[in-house]
Each structure stands twice: as C-alpha cells, then as structure tokens.
Amino acid sequence: MMKKKWKCACGYIHDGDEPPENCPKCGAPAKVFTLLDDVAAELVERSRHTNTLHARLIGLGREIEQVCRDGIADDLDPGCVKVFQKTLGH
Ligand SMILES: [Zn+2]
C-alpha cells in the first residue's frame, strides 16, 4: 500500500504514517499538516514520476550533446561529423 502523505500549508509533502513534528521547509508544527486523500496522494506520486522522467531527459540530452562534441573534436569521418553537427543543431 502507498505510504500516507501529509501536506503542509506551505505545500511541502511529507511521506509517513504521521506528520513531522515541524515542517522542514517552513517550520510549521504538525497540526498544520493535512492528510492527503488517495486521489491527491496518487497525483503527488505521478508528479514525482514526471519530474524524474524530466530530469532523466535533461541528463540524456547533455549526454547526447557531449557525444556530438567529442565526435566533432575527433573529426575523422566527414559523414559522421556531419551527423554529429546535425544532431547538435548546427
Ligand atoms: Zn511547511
């Protein structure tokens, strides 16, 4: 079963059976936290998943860029260099 999620008035989400003593983001006490219902908790999970995918995509983009720069610097085969340049966008 999915862990319980508690939301602070500031928007911070805490995962656990109980809310934290104080919010690590704004310092508000536990009583300020509200328990998210299943639909809201599921949305938080999906949002985290999307953020993870986004971060991975940015990482892959950087990797592709580096491969292209390395290939251009290597400068062996004109056909390959053209592909590296085209992938980089110039
Ligand atoms: Zn807070």
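A salt bridge is a side-chain nitrogen of Lys or Arg within 4 Å of a carboxyl oxygen of Asp or Glu. The structure, a predicted model, holds 5 of them. Local features need pLDDT of at least 70, and side-chain atom pairs count only at pLDDT 80 or more, while totals for chains, interfaces and linings use all residues. Residues are numbered from 1 along each chain as its sequence is written, and side-chain values use heavy atoms, without hydrogens and water.

Asp15 pairs with Lys5, with the closest N and O atoms 2.9 Å apart. Asp15 lies in strand β2 and Lys5 in strand β1, so this bridge ties together parts 10 residues apart in sequence. Strands (E, at least two residues) and helices (H or I, at least four) are DSSP runs, numbered from the N terminus. Lys5 is buried, with a relative accessible area of 1%. Buried means under 20% relative accessible area, exposed over 50%, and partly exposed in between (1.4 Å probe, protein chains only). Asp15 is partly exposed, at 26%.

Glu45 also forms a salt bridge with Lys5, at 2.6 Å between the closest N and O atoms. Glu45 sits in helix α1 (residues 38–74), 40 residues from Lys5.

A zinc ion is coordinated by the SG atoms of Cys8, Cys10, Cys23 and Cys26, at 2.2 to 2.3 Å. Donors are N, O and S atoms within 2.8 Å of the metal (3.2 Å for Na, K and Ca); water is not among the atoms, so sites may look incomplete. The donor spacing is C-x1-C-x12-C-x2-C. Cys8 and Cys23 are both buried.
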